[in-house]
Amino acid sequence: MPSTDFDRFARTLGFEVAESGNGFAKVSGRAREEFLNGVGIAHGGFLFSLADYASAIASNTDSVVAVTSNSSINYLSPCPSGEIVVATARISYMNAKTGVCDVQIASQDSSVLYAVYQSRVIVRK
């Protein structure tokens, strides 16, 4: 996927694609010390970035280039330092112009749901 293969920001944050397929992606990242906020839990921006990257992987294919036009996130549980976080993205709607992607951000074993994220993507021609 040319539009996501060269994502320098995701690479800098250490995000790894565990699975991807048509309208689906699973991406992981570790809540490293430098990604913590002032109260010692994963910064919301780290979780948001992980979800946004998972959405990009799920939305883009070799023939479709899509970019986020709007997104929102709801933080549900604090994410501790050192935690491996997994963002699972699924396209719930897609046509030739736009799409919607839903992402769950959870602990590696899925026992804790840290946040839910939704994005609207615009398909670029």
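Q: So two strands pair if DSSP finds at least two bridges between them. In what order do the strands form the sheet here?
A: The order is β1-β2-β4-β5-β6-β3, six strands in an open sheet with antiparallel pairing. Strands are DSSP runs of E with at least two residues, helices are runs of H or I with at least four, and both are numbered from the N terminus. This is a predicted model, in which local features need pLDDT of at least 70 and side-chain atom pairs count only at pLDDT 80 or more, while totals for chains, interfaces and linings use all residues. Residues are numbered from 1 along each chain as its sequence is written, and side-chain values use heavy atoms, with hydrogens and water left out.

Q: Which strands stand at the edges?
A: β1 (16–21) and β3 (65–75) do; each has a single partner strand, so one side of each lacks a neighbour in the sheet. From one strand to the next, the twist averages 20°, with axes taken as lines fitted to C-alpha atoms (for helices over the stretch in contact) and angles running from 0 to 180 degrees between N-to-C directions.

Q: What holds strands of a sheet together in general?
A: Strands pair through backbone hydrogen bonds, in a parallel or antiparallel way.

Q: How many bridges join β3 to β6?
A: Ten, and β3 and β6 (residues 113–124) run antiparallel. Within β6, V116 stands opposite N74.

Q: And how many for β1 and β2?
A: Five bridges, again in the antiparallel sense. V17 has V27 in β2 as its bridge partner. The β1–β2 hairpin has two residues between the strands, and G23 there takes a positive phi near 75°.

Q: Back up a bit. What is the order of elements from the N terminus on?
A: α-α-β-β-α-β-β-β-β, which covers three helices and six strands. The radius of gyration is 14 Å, close to the 14 Å that the globule rule gives for 125 residues, so the protein is as compact as a globular protein of that length. That radius is taken over C-alpha atoms, and the rule is 2.2 Å times the number of residues to the power 0.38. The C-alpha trace spans about 45 × 25 × 25 Å along its principal axes.

Q: Where does helix α3 lie?
A: α3 (residues 44–59) lies across β1, β2 (24–30), β3, β4 (84–94), β5 (98–107) and β6, and runs at about 45° to β4.

Q: Which residues have the most contacts inside the largest nonpolar core?
A: F15, F46, V85, V103 and I105, in a core of 27 residues. Such a core is a set of buried Ala, Val, Leu, Ile, Met, Phe, Trp, Tyr and Cys residues joined through side-chain atoms within 4.5 Å. Buried means under 20% relative accessible area, exposed means over 50%, and partly exposed lies in between (1.4 Å probe, protein chains only).

Q: Which element gives the most to that core?
A: α3, with eight residues. At least two residues each come from α2 (8–13), β2, α3, β4, β5 and β6.

Q: Is F15 buried or exposed?
A: F15 counts as buried, at 9% relative accessibility. F15 lies in the loop between α2 and β1. Beyond neighbours within four places in sequence, F15 is in contact (heavy atoms within 4.5 Å) with residues including V27, G29, F46, L50 and Y53. The C-alpha atoms of F15 and G29 are separated by 4.7 Å, though the two are 14 residues apart along the chain.

Q: How exposed are E34 and R32?
A: E34 is exposed, at 54% relative accessible area, and R32 is partly exposed at 28%.

Q: And K26 and E19?
A: K26 is partly exposed at 27%, and E19 is partly exposed at 39%.
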